[in-house]
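This report goes through selected local features of one protein model. The sequence and the structure come first, and the notes follow.

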Amino acid sequence: FSVEECTINFVNPRLGDWEYLVCGRGIQPSIMPTIHVLACIGVPVSSTFSFRNPFPTPLTVEVYLVMEEDDAALNKEKYDAFSLLQNPDVVTIPPFTNLLVPFCFKPKEMTEHNYTVSIEAVNSENEGLQNMTWTYPILGIVEASPGEKLYRFRTQCRQRLESYFEVPLAGVGKLANGPEPFSYELVVLDEDPKVKKLLNRSFFITATDGKIRDNVTPLGFKVDFEPLRPFRTNVELVLNRRSGGRWRFSLFVSADPPPVDDIIRIQAMINRTTSVSFKLTNHHKNPACFQARLTEDSAYQFTVFPTSGILEPLGEDGTTFIISFTPSEYGRALFAKLIIETEEMQWSYEIQGTHPEYIAPTGTSRLTTQPKFEPQPSAR
C-alpha cells in the first residue's frame, strides 16, 4: 500500500496558526471478531453480518465459505449445516457502503461448529487491492430444545434443604473419545440484583460426576439451599459440553418467610403514648446496614424508630429499636408486624397493642327506714 498524506491546520487570530502533516500506510486486514449464532438441532436459523467498503471507490468482492478439505471429508454433516445465502457470490459495493451477508445454520448434531467466511477483493484496477481478503470466523452453538419439566426447590428461611435431582441429555450422540467433561452454571432470570445476591449466597448445586459417560445416563446434581431472607425466582441450569453443545433446564427456587422471632405486647391509655424498646445485633461479627418498617397491614397507631442505620455486630451490646403505641379509641386489640432487614438477613416481630383493663368505680349506699317525723297524740 502507498503512503497517504494530508495536512491539518488550526487557525486562531490571536495565537497564530498550527499546521500538522499526517501520513499513513494501510495494511492487510486482520481476522475479524468472531460471529456467534445459536440454533437447536434440526431447526434452521438465519442471520447476517455486515461488511463495510472502507474505500472511496467501488469495491468488487467475492463472498465464499472456506472449507478445510480434511475436516470436510471427515465431517460432511458439519459443513452441510452451514450455507451462505448471498446471491450472487460476486457483488460490487459502492464507496463507504455496507454489505449484509446472509447465512443459514441448521445443525444436525450436538457439537461445536466452526466456519470461516472470506470476502475477497476481485477485478480491481488498484493492484494494492488485488487478493485483499477479510476473514470472518463464525461459531455455531448448538442447544437442545428446552425441556418442559420444572425443577422446584422450596424451604423456609433459616432451614436447610438438601436435595438431589437428575437431568437427561437429549441428542448427546456417541462419544467417540470416551467420557467427556462438561461445565455448568446457574443463570438467574430475575433482573433485580438483590435477588441474584440472595440466590448466590444461599443456593448451591454440585455435579455428582464431572463427565458425560454415555448418551443414556442422566447427570445428577446435589442441592444445598439455606436462605436467610425470603425470595423467589426462576433460574436456568446451563450445561456446556467441551466439544460443543448446550442444554438448559428450568428451576424454581423459593425461600418462604420464617416464623416471627418474638411477640411484643404494649399497653397504653387512650390518646397517650407508650413505648417499649429492645436491642438487636447482626447474625455475624460484622456490622451491617439495616432497614426497619411496619408492614402495610399494620395498624397506624404503631410507629418504629429508627427506620434505618447500622446494626451492631454479634457480640456487641446491640442496636436499640423503639416501638411506640398511641391508641385513639377503645375497642379490640390492635396488631402490627415489624420487619428488620439487612442485605443478608431478615427478622420479624408481631406487635400487639391493648388498653388497660377498665375497672368501674365502687361505692356504698344506705337506705333509711325510720320516718323523719313522728305523729303527735291529739289533745282531748
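Predicted model: local features only at pLDDT ≥ 70, side-chain atom pairs only at ≥ 80, totals over all residues.

## Surface patch

I8, F10, L15, W18, Y20 and V22 make up a nonpolar patch on the surface, and together they have about 600 Å² of accessible area. The elements that contribute two or more residues to this patch are β1 (3-12) and β2 (16-25). Strand β2 gives the largest share, with three residues.

## Helix α3

In helix α3 (residues 193-202), the buried residues are V195, L198, L199 and S202. These residues lie on the same side of α3, because the arc they cover around the axis is only 95°. An α-helix has 3.6 residues a turn, so residues three or four places apart point the same way. Among the elements that cover the buried residues of α3 are β13 (180-188), β14 (203-207), β16 (219-225), β17 (231-241) and β18 (246-256). At the start of α3, the backbone nitrogen of K194 has a side-chain oxygen of D192 within 3.0 Å.

## Salt bridges

The structure contains 14 salt bridges.

| E143 | R246 | 3.6 Å |

In the salt bridge between E143 and R246, the closest N and O atoms are 3.6 Å apart. E143 belongs to strand β10 (residues 133-143) and R246 to strand β18, so this pair ties together parts that are 103 residues apart in sequence. Both of these residues, E143 and R246, are buried.

Because E341 is in strand β25 (residues 334-341) and R229 is in the loop between β16 and β17, the pair ties together parts that are 112 residues apart in sequence. E341 is buried, with a relative accessible area of 17%, and R229 counts as buried at 16% relative accessibility.

E236 is buried, with a relative accessible area of 18%, whereas R248 counts as partly exposed at 28% relative accessibility. Through salt bridges that share partners, E143, E236, R246 and R248 are joined into one network.

## Loop residues and their contacts

N282 is in the loop between β20 (274-280) and β21 (288-294). With a relative accessible area of 2%, N282 is buried, because the limit for that class is under 20%. The side chain of N282 makes a polar contact of 3.1 Å with the side chain of H283. Apart from its neighbours within four places in sequence, N282 is in contact with P287, A288, L311, E312, P313, L314, T342 and W347.

I270 lies in the loop between β19 (262-267) and β20. I270 and Y330 are 60 residues apart in sequence, and their C-alpha atoms are 7.1 Å apart in space. When residues up to four places away in sequence are not counted, I270 touches P327, S328, E329, Y330 and H355.

## Backbone geometry

N87 and P88 are joined by a cis peptide bond, with omega about 5°. P88 is in the loop between β6 (82-84) and β7 (90-93). A cis peptide bond also joins F305 and P306, where omega is about -5°. P306 is found in the loop between β22 (302-305) and β23 (308-311).

F96, a residue other than glycine, has a positive phi near 50°. This residue, F96, is placed in the loop between β7 and β8 (98-105) and is partly exposed, with a relative accessible area of 43%. For R158, also a residue other than glycine, phi is positive and near 70°. R158 lies in the loop between β11 (150-156) and β12 (161-167), and R158 is partly exposed at a relative accessible area of 32%.

Key: Residues numbered from 1 in each chain as written. Heavy atoms only, no water. Helix = DSSP H or I, 4+ residues; strand = E, 2+ residues; numbered from the N terminus. Buried < 20%, exposed > 50% of the residue type's maximum accessible area, 1.4 Å probe, protein only. Polar contact = N/O pair within 3.5 Å; in protein donor to acceptor, adjacent residues only side chain to side chain. Contact = heavy atoms within 4.5 Å. Arc of directions from axis to C-beta. Patch = residues over 30% accessible without salt bridge, like charges linked within 9 Å, V, L, I, M, F, W, Y side chains within 5 Å. Areas by Shrake-Rupley, 256 points an atom, 1.4 Å probe, with all protein chains shown as cover. Salt bridge = Lys/Arg side-chain N within 4 Å of Asp/Glu carboxyl O.
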